[in-house]
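Okay, thanks for coming, everyone.

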Amino acid sequence: MTGKVYLVGSGPGGLGLMTFRAREVIDRADVIMYDQLPGEEILATLPATAELVDCGKFGSHHILEQDEIEAMMVGKARSGKCVVRLKGGDPFLFGRGGEEMETLLAAGVAVEVVPGITSAIAVPECVGIPVTHRKYASQVTILTGHEDPTKGESALNWAWLAKTTGTIVILMGVKNLAVIAGSLIEHGMAAATPVAVIERGLRPDQRVTVAGLDAIGRIAQERGVRAPAVIVIGDVVSLYKDTR
Ligand code: SAH
């Protein structure tokens, strides 16, 4: 008896931006394994009939490690359960969806991926910032800001990134914002390049901070900017509009 695992993207926040397919599989799941990124509005609609596993707060305080999450998915699917692994945005853009798929397939578990709208594009978009624009940017690079560019070996080529003519979108970059900005300037990016940091995009308490590359680290710290936030660097930021 084998079940199936659905790797599902919830979209960037709010029910309106979740796909029909995501809703469908959530509503008939036996088990839903989620973290907090999908946000309150979506988490409040998870069916009470399903076994709900908060991967960020398992058994009152223990955070499930990645290998524990993967083992749990495999175990539940093998016992015949229909499991939804619910992730913010798109399941294959950061958030380790690709790794989870590999583990599941290696264990012989059936997998279906349900794409979601990614915060990397939707969050800037909803404050009037298109990640590409014929006049300002013909390419966009999406990267993780998780690594401190000044510490040891980085998987990212900051010298190359500093010379990009397009837009740079950084996820998980709040903690390292100041060092990232400093590193880009050091490698030749113009200090006046506009940067937008959009915290809790598409949520009621969304907040946007805009500044030049040389000032964004300090200003973000003064304003107490916190994750989750999408950072956008490039001339498209000049189109930012506070429409609320
Ligand atoms: N798979 C997700 C990204 C996971 S990494 C996606 O496609 O959107 C987690 C990071 O995504 C956060 O640290 C933050 O940088 C970003 N993020 C996700 N949702 C967000 C939101 N509503 N507002 C701002 N940032 C968000």
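So, around the ligand there are 18 residues, and the closest are L93, T118, S119, G201 and A229; a residue makes that list if one of its heavy atoms lies within 4 Å of the ligand. Bear in mind that this is a predicted model, where local features need pLDDT of at least 70 and side-chain atom pairs pLDDT 80 or more, while totals for chains, interfaces and linings use all residues. Residues are numbered from 1 along each chain as its sequence is written, and side-chain values use heavy atoms, with hydrogens and water left out.

Now the polar contacts, meaning pairs of N or O atoms within 3.5 Å. L93 uses a backbone N or O atom, 2.7 Å from a ligand nitrogen. T118 puts a polar side-chain atom 2.7 Å from a ligand oxygen, and for S119 a side-chain N or O atom is 2.6 Å from an oxygen of the ligand. On its own the ligand has 540 Å² of accessible area, and the protein covers 93% of that; the areas are Shrake-Rupley with a 1.4 Å probe.

What's the shell made of? We've got 10 nonpolar residues, 5 polar and 3 charged, with Gly counted as polar and Tyr, Cys and Pro among the nonpolar ones. α5 (119–125) and β10 (229–233) each supply at least two of the shell residues; helices here are DSSP runs of H or I with at least four residues, strands are E runs of at least two, and both are numbered from the N terminus.

And where is the ligand relative to the domains? Domain 1 (4–114) and domain 2 (119–239) both contribute shell residues, so the ligand lies between them. Those bounds come from an automatic or database domain assignment.

How values were computed:
Polar contact = N/O pair within 3.5 Å; in protein donor to acceptor, adjacent residues only side chain to side chain.
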